[in-house]
Amino acid sequence: MSEDDMMPGWKDLKPGFVVTEPGSASSYKTGDWRSERPVRDNVRCIKCGICYIYCPEGCISETEDGYFDADLYYCKGCGICAHECPRGVITMEEEK
Amino acid sequence: MGRIVGLEGSFAVAEAVRMVNADVIAAYPITPQTHIVERLAEMIADGELDAEFICVESEHSAMSACVGASAAGARVFTCSAGQGLELMHEVLYIPSSMRLPVVAVAANRALSAPLSVWCDHSDAMSLRDIGWIQMFAENNQQAFDLTVCAYRMAEEVLFPAMVHIDGFFISHVIEDMELPAEDEVRDFVPDYEHPFVLDPDKPVSMGCYAPPFIYPETKKAQEVAFEATKSKILATWDEFGRAFGRYYSPVELYRMEDARIALLVMGSFSETAMLAIDEMRDAGEAVGLIRLRLWRPFPFAELRAAVKDIELLVVLDRAISFGMGGPVCSEVRSALYNLADRIPIISFIGGLGGRDISIAEFKYMIKRAQERVKEAGMEGAEMPEMIGIRE
């Protein structure tokens, strides 16, 4: 089944394109907008969480061992985390 | 039982809004629409209408407030004219796309510059693509009747509806008309429930973001649903006729029996045009009048049926599309182009900025159209002619 076949057709839509499922925007993949991904150097990271605070997408969260990771399903690759990191441990690497 | 009253067109519209028991009215004053909202504000202040009157700072806000109130399930009303409709323009596409049955009246007015508060259809023509049901009234009775019908239609099909009344020619003229009893109107426009109102217990999202993978599907759904409003519009007018004795249809004919030439107009000028047709009929000429009552959805089938036996169609536009001609004429032509036997269609533009058109000028248009076709056949029908212009 192709991706197109799984998309709703016009007859599937509610009147006025009303969306009745709360929070359905979370299923929208913004990660495929990304041309660069953030990569963290774990050795020099001090786990300050500045990247988590500044991420405009809200897609960075704390991991079990105290580091902060971007959820690549949503990360748009804006690079703000890399720019704001006080230790300069995040680099933006081109998506292949 | 109804009663015969002398009523200004604006007050007739206000009576219709009062009788359907509107919940929310949001409007900004602009000539020649002001009397409608003034009267409604007075009704609310005097306790004759239990509605929320939202004094907004612009027409943009007026329509925005109507969208919000309608989304919450309220029966709403606004009205505007000319520049006000232009300022409202951006928001007019919202209720039609979100399927909210907002009802509005436009007291048609010319657009600046130069500044004119008087009537023409320039403002209405800029609203052709907003996705609303749109009707044109020709007198005060129709202003009342069509406003009542607009609520019934809008709420049954979940699309907004707009009634166009000619500024001053209808809005400020006092005419005798029949005002039905309030309970009869309430029976005709019962309470309604929108299937998807804003309700914290049943959350919905309206006006969502639609990336390219879904936007075209939303427009296809909207167009199919809008085309389907036609049968409900016809049913509403039919039922209105049976209840109140006045019948409306998308294309209304006057003395078209055996007519060889027809004149097509929209709005209040049809009353003068009827007098011109009477005089020409008395002189033995086979002429008739076509009044376009329903503007959107465009009544293709009814128009084709109306012109099937005539040889020449004359269309009067009360607006100009610069570099294009008369907007009504261009739509009429496109509706009739695919007919096997095409007839010449001659375009006239007149009545701009409140200028009157006399009976003699209507007769001139019909005569002049015949001359042009005689002189140059189909090619003679090419260009529009502005009438009553001083050299």
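Biologist: In which loop of chain B is B:Pro32 found?

Modeller: This is a predicted model: local features need pLDDT of at least 70, side-chain atom pairs count only at pLDDT 80 or more, and totals for chains, interfaces and linings use all residues. Residues are numbered from 1 along each chain as its sequence is written, while chains are lettered from A and ligands numbered from 1 in the order in which they are written. Helices (H or I, at least four residues) and strands (E, at least two) are DSSP runs, numbered from the N terminus. B:Pro32 is found in the loop between β2 (24–27) and α2 (34–45).

Biologist: What is omega for the peptide bond from B:Thr31 to B:Pro32?

Modeller: The bond is cis. Its omega is near 0°.

Biologist: Is B:Arg99 buried or exposed?

Modeller: B:Arg99 lies in the loop between α4 (82–97) and β5 (103–108) of chain B, and its phi is positive, near 60°, though the residue is not glycine. A residue is buried if 20 or more other C-beta atoms, placed from the backbone, lie within 10 Å of its own, exposed if 12 or fewer, and partly exposed in between. B:Arg99 has 26 such atoms within 10 Å, so it is buried.

Biologist: What arc do the buried residues of α9(B) cover around the axis?

Modeller: In α9(B), B:Thr229, B:Ile233, B:Thr236, B:Trp237 and B:Phe240 are buried.

Biologist: Which exposed residues does the opposite face of α9(B) carry, turned away from its buried side?

Modeller: α9(B) spans residues 229–244. The face turned away from its buried side carries B:Ser231 and B:Arg242.

Definitions and conventions
Expected span 1.5 Å × (residues − 1).
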